[in-house]
Amino acid sequence: MPRSTGKFISYDLRPAKQSERMILVDLLKAGGDSGLPIRDYRYVGMGANRFYDFLLIHRYLGITRMISLEHDEKFVNRARFNVPYKFIEVENSTAADFIAEDTSITPSVYWLDYDGGIGSHIIGDITSLSNRLKLGDFCFVTVFGGPPKVIDRANDADRLVWLQDSLGDVSGTVSIEDVERANFPDAVHKILMTTFQNVFAPRMDGKFIPLLQVEYSDSMPMVTVGGAFLSEGQAVGIRSKIKSVLPFLETAEQKLYEIRSLHLTERERQLFDGAVTATGRRSKEHNKLKELGFKDAELGAYKDLLRYLPRYVEAIV
Amino acid sequence: MAELKADARPEKRLFISLLTRDIPLVAAFLDLLDNSINAAVEPVSPRLKTAVDYMTVFEDADIKPTVDISLTLSKGRVDISDNAFGISAETAVEHVFKFGRAEGEHHEADRLSVYGIGLKRAMFKLGNKIRMRSDHVDGGFDLDLDVSVWAKDETQPWTFDITPRAPVAKEATGTSITVTELYDEVTRRLDDGLFSSQLEAAISRTYAYYLAKFVSVSVNGKNVEGVSIQIGGNHTAESFDLGDVTCAITAGIGTPEAGVFRDRSSGWFVFCNGRAVISADKSPLTGWGGGGLPIFQPKHRPFLGTVFFVSENAEHLPWTTTKSAINEDSEVWQLAKRHMAATGRTVVSFLDGRYTDEGTEVASKDLQAVTSAPVSVLKAAVTEKRTFVAPKAAPVPTTVRIQYDAQVSQIKSIKDYLKRPSMSGSDVGRHTFNYFLRNEVGEE
């Protein structure tokens with residue numbers, strides 16, 4: 001298993017991860033705005049010891065039914081010690097076991113936030129969830145975007161063979177170019193999208209609508225794919241909300257959005273803030289940024305993520 | 001003497017249901033392709049009578065793909081078109097839309113068109129609205145069929161209304177079919193995320209021979225390449241004839257990819273007139289587990305066997321009407337199965353023998369070396385009768401590696417006792433072993 005970024009960069013300092021969390025929260029909020037009773041949902045995640053996603057989801061959405069899955073027995077006590085709210089239950093369970101035994105009828109948001117690379121257990125978990133999800137439920141999966149350890153040093157052809165043999169038909173659209181190290185997030189994205197599409201295809205009572213397809217890297221590439229199981233009417237409503245609130249997310253086609261890490265100083269951020277919110281295109285902040293060598297693509301990325309990029313300051317607690 | 005006549009007419013609705021129920025969607029698409037490929041092969045089909053002929057044609061550098069087949073799957077619609085010779089209005093009236101062939105009806109040029117049912121079945125399988133257009137040098141036709149309306153029409157005999165089209169130049173011939181109002185299960189399957197790649201894989205596997213020489217096929221604009229299967233040069237090959245069917249069987253060791261013998265490339269592959277009918281079969285159908293070969297196990301994964309059936313009369317080949325399965329009761333298949341068991345046995349015995357109580361005697365990476373340079377399975381199928389020669393087993397080793405765990409404290413005790421603190425763990429093991437040999441066994 002690759003080392004999680006959180007294990008060697010302070011967990012508090014993962015701006016891309018934090019942006020991803022904020023985007024996901026906004027996406028769920030859009031679901032609420034389109035008529036889903038998000039506040040009454042249950043959140044099932046993998047909070048580890050920090051529970052950042054749990055904190056945000058409670059703070060911004062008001063969800064109070066929360067379950068954190070911790071598969072490693074050694075960390076359960078520590079996780080239980082660190083829960084920020086009493087209403088968070090820590091279950092010593094793998095995602096597979098939890099899904100198999102879960103009988104709750106409460107509408108749910110599942111976020112399976114894996115540290116490791118793509119593998120058959122992840123495909124299996126999504127398959128199990130496809131039988132469990134109810135109309136209106138959300139499901140997101142985060143996976144390491146690089147080659148899994150077992151094929152990390154393999155050549156491209158061998159990587160492709162491994163994916164085909166280990167994951168079967170869901171890797172059918174992955175090309176030899178996709179498995180190059182630099183492109184591997186594309187392979188992971190295709191596999192996850194195909195899996196979601198395929199496992200929900202037999203469901204006649206709704207359709208799985210992909211709402212989130214993002215990649216990001218604080219030091220290692222990660223890919224998150226997910227969406228909601230919706231009726232036709234619900235799908236129209238939520239898509240329209242997302243289009244207005246999160247216009248950079250593609251909900252109709254397979255398209256991976258990169259949450260870029262811009263590595264800006266605070267003074268540069270002030271210029272960016274001014275430039276992307278100015279009414280005219282050529283503001284003085286814009287001109288200054290161009291003078292400093294920033295490109296339009298960076299301004300575009302910043303504009304997309306304006307509301308989601310965290311600001312870190314030193315504080316004494 | 002009978003005085004009354006009981007109504008025994010077929011119900012169209014039941015007929016359509018029976019016809020389409022037993023064919024998987026992928027196989028239905030292959031049925032559509034069969035028609036186009038059959039047409040593309042027509043000019044050389046008189047040369048294709050035996051497996052050797054197929055090889056000769058394959059190696060004829062003057063024969064190059066001349067027909068393009070395009071398959072497009074889009075929302076609620078399927079389109080397939082080719083630029084082959086087209087179908088004349090006359091042929092359409094007399095043959096193409098007839099369900100099945102009349103007794104004795106045989107078309108010399110047909111290699112993949114067998115029962116006279118595939119095209120209709122495939123169209124019926126897909127959807128309700130069918131538009132077919134064919135341009136031919138003698139004049140083609142248009143067909144506009146609403147299946148649900150046709151199914152309710154009780155007029156006898158059954159006919160399709162077609163409209164003649166003017167003759168075209170031979171460069172402008174071809175046929176196109178568009179199916180709309182797709183059935184729900186078809187729409188769902190086309191939209192399941194896997195179908196397109198599964199179809200491409202099936203085309204690549206099924207028509208490897210034809211893709212190389214006669215046609216190019218694209219699915220949603222993407223060209224499909226034929227998959228090449230190779231077998232080690234050291235293999236068993238034999239053949240037999242039954243009536244006008246010739247059968248060539250080979251068994252040997254396949255080719256590893258990424259250092260492994262892949263499941264998809266292992267087992268038996270059966271071809272009828274160059275078209276793959278079953279691939280990588282490891283079931284009792286091909287003799288595994290009771291038919292002369294043991295139950296297939298992972299250690300048999302290097303096994304690759306091929307069976308090539310060839311006949312000028314495609315109806316005599318042992319394929320079912322869907323061409324995706326074997327007619328197990330056919331005489332030629334029963335005979336072939338006995339030959340397959342005999343042919344495969346030497347290879348399977350060799351693979352079984354790789355494993356002994358001492359471990360793996362021939363490593364996977366060495367298998368290729370012992371089975372010599374690989375050749376294409378088609379080439380292997382037309383070689384003279386030969387037998388797989390099991391490579392000699394490696395000489396029995398004279399040493400055995402011993403490994404065991406011991407308590408660190410006990411090892412330290414021994415080192416202290418011997419007053420040799422710098423001894424390694426293996427030195428301690430060797431010393432105590434030698435001590436036992438000298439003092440208990442009495443060997444120096």
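Two residues are in contact here if their C-beta atoms, placed from the backbone, lie within 7 Å. By that rule, 12 residues of chain B are in contact with 13 residues of chain A. The model is a predicted one. On the chain B side of this contact, helix α8(B) gives the most, with 3 residues. Sorted by class, the chain B side has 6 charged, 3 polar and 3 nonpolar residues.

Strands of a sheet pair through backbone hydrogen bonds, either parallel or antiparallel. In chain A, 8 strands form an open sheet with mixed pairing, and their order is β3-β2-β1-β4-β5-β7-β6-β8. Strands β3 (88-91) and β8 (257-259) of chain A stand at the edges; each has a single partner strand, so one side of each is left without a neighbour in the sheet. From one strand to the next, the twist averages 20 degrees.

One pair to look for is A:Leu69, whose bridge partner in β3(A) is A:Glu91. A helix also packs on the sheet: α7 (residues 184-200) of chain A touches β5 (138-144), β6 (207-217) and β7 (221-230) of chain A. The direction of α7 makes about 20 degrees with that of β7(A).

Chain B is divided by its domain assignment into domain 1 (12-224), domain 2 (230-381) and domain 3 (408-441). The C-alpha centres of domain 1 and domain 2 of chain B lie 30 Å apart. Their contact takes 25 residues from domain 1 of chain B and 20 residues from domain 2 of chain B. On the domain 1 side, α2 (25-41), α3 (51-59), α8 (195-206) and α9 (208-213) of chain B each supply at least two residues. Of the elements on that side, α3(B) gives the most, with 4 residues. The residues of the domain 1 side divide into 15 nonpolar, 4 polar and 6 charged.

Strand β12 (residues 267-272) of chain B is mostly covered, with 6 of its 6 residues buried. It pairs in the parallel sense with strand β14 (residues 303-310) of chain B over 6 bridges, and B:Gly267 has B:Leu304 as its bridge partner in β14(B). With strand β13 (residues 275-281) of chain B, β12(B) runs antiparallel, joined by 4 bridges. Here B:Val270 stands opposite B:Ile278. The two strands β12(B) and β13(B) form a hairpin with 2 residues between them. In the turn, B:Asn273 has a positive phi of about 45 degrees.

Some further backbone details deserve a look. Most residues other than glycine have a negative phi, and most peptide bonds are trans. In the loop between β1 (42-45) and α2 (52-61) of chain A, A:Ala48 has a positive phi near 50 degrees. A:Ala48 counts as buried because it has 22 C-beta neighbours inside 10 Å, and the cut-off for buried is 20 or more. B:Glu181 also has a positive phi, of about 50 degrees, but lies in strand β6 (residues 174-182) of chain B. With 15 C-beta neighbours inside 10 Å, B:Glu181 counts as partly exposed. Finally, a cis peptide bond joins B:Gln156 and B:Pro157, with omega about -10 degrees. B:Pro157 is found in the loop between α6 (147-152) and β5 (162-164) of chain B.

Terms used: Residues are numbered from 1 along each chain as its sequence is written. Chains are lettered from A and ligands numbered from 1 in the order in which they are written. This is a predicted model: local features need pLDDT of at least 70, side-chain atom pairs count only at pLDDT 80 or more; totals for chains, interfaces and linings use all residues. Two strands pair if DSSP finds at least two bridges between them. Axes are lines fitted to C-alpha atoms, for helices over the stretch in contact, and angles run from 0 to 180 degrees between N-to-C directions. Domain bounds come from an automatic or database domain assignment. Ala, Val, Leu, Ile, Met, Phe, Trp, Tyr, Cys and Pro count as nonpolar, Asp, Glu, Lys and Arg as charged, and the others, Gly among them, as polar. A residue is buried if 20 or more other C-beta atoms lie within 10 Å of its own, exposed if 12 or fewer, and partly exposed in between; C-beta atoms are placed from the backbone.
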